[in-house]
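Welcome to this structure! Here are a few notes to read alongside it, in the order I would look at things.

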Amino acid sequence: MGLGTWESYLANHIEGFFNKKFSSSLEAVELMNGLEREVKRQSSGKRRQDIDTAFIFSLNPEDYHRLCARRVIEDLRTMVARQIILQDCAADGVITVRMEQSGKLSRGVYKLRCGRSDEVEDISANTLVLQKRPSLDGRVPLNLPAFHAMASLTVVEGPDLDAYLEIGEKQVYIGRRDKNEFILTDTNASRLHAWISYEHHRHELYDAQSTNGTFVNGRRIDSCRLQHGDKIRIGMTVLRYEVI
């Protein structure tokens with residue numbers, strides 16, 4: 001077994017080994033670590049633009065009853081969405097996280113299966129689904145999940161220094177007009193200067209045919225898929241995009 005294979009084996013089994021050895025209960029952070037490793041694994045392969053979005057955990061009944069809570073499932077789903085951005089991946093379909101009971105597993109041990117969301121059947125009540133976003137026409141379906149922040153915009157240069165906004169799946173409009181989600185006072189910014197949409201589980205920045213243009217890391221863009229740490233210049237304002 002090569003060094004890389006051995007390290008991968010340890011990373012994927014060490015938590016479960018010690019939990020089984022000492023019969024400790026499973027913690028939510030261990031499930032998050034498993035999801036993070038899985039997204040990283042897929043992002044290093046040929047499918048980085050088509051990451052799996054359906055994740056099913058099999059747990060011992062005791063761990064299942066303790067961890068199968070909406071708050072935990074929401075946190076796991078949001079963590080997947082953040083990792084897709086951090087690993088510069090993309091995915092189609094909805095993100096789903098499900099937990100199932102398995103009497104074959106010891107307490108503290110879990111198994112993780114993943115696949116495409118359209119291949120997973122019987123989405124049950126213990127599954128949280130990230131809905132697809134509406135189009136530019138502004139109509140919003142009534143069954144949207146609660147807001148889950150995945151990234152933020154912070155003004156690091158310009159008249160609105162330190163202005164801050166957390167963003168998730170909802171469309172964000174940027175500019176001087178009062179009804180924008182991120183309002184700028186910069187006179188070199190257009191009333192509607194740019195907007196950010198959520199597509200393929202990534203934040204896409206679009207210039208709204210602004211007078212002075214929109215720039216990302218010094219390059220003028222019409223549209224751009226944002227990455228963690230990108231700097232967006234609008235007029236005399238610079239905003240930093242970060243996963244939170």
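1. Start with the side chains of D160 and T185, which are joined by a polar contact of 2.8 Å. Please keep in mind that this is a predicted model. To find D160, look in the loop between β5 (151-157) and β6 (164-167).

2. D160 is buried yet has no salt bridge. Its nearest side chain of opposite charge belongs to R176, 9.3 Å away, and a salt bridge would need the atoms concerned to be within 4 Å.

3. Next, please turn to helix α4, which covers residues 70-86 and has 17 residues. From first C-alpha to last, α4 reaches 24 Å, close to the 24 Å expected at 1.5 Å a residue. After α4 comes D88, with a positive phi near 55 degrees.

4. Is α4 enclosed or open? Because 12 of its 17 residues are buried, α4 is largely enclosed by the rest of the structure.

5. Last, the cysteines. C89 counts as buried because its relative accessibility is 0%, and C224 counts as buried at 10%; the cut-off for buried is under 20%. A search of the whole structure finds zero disulfides.

Notes
Residues are numbered from 1 along each chain as its sequence is written. This is a predicted model: local features need pLDDT of at least 70, side-chain atom pairs count only at pLDDT 80 or more; totals for chains, interfaces and linings use all residues. Side-chain values use heavy atoms; hydrogens and water are left out. A disulfide is a pair of cysteine sulfur atoms within 2.5 Å. Buried means under 20% relative accessible area, exposed over 50%, partly exposed in between (1.4 Å probe, protein chains only). Helices (H or I, at least four residues) and strands (E, at least two) are DSSP runs, numbered from the N terminus. Lys and Arg count as positive and Asp and Glu as negative; His and the chain ends are not counted. A polar contact is a pair of N or O atoms within 3.5 Å; within protein, one must be able to donate a hydrogen and the other to accept it, and residues adjacent in sequence count only if both atoms are side-chain atoms. The expected span of a helix is 1.5 Å times one less than its number of residues.
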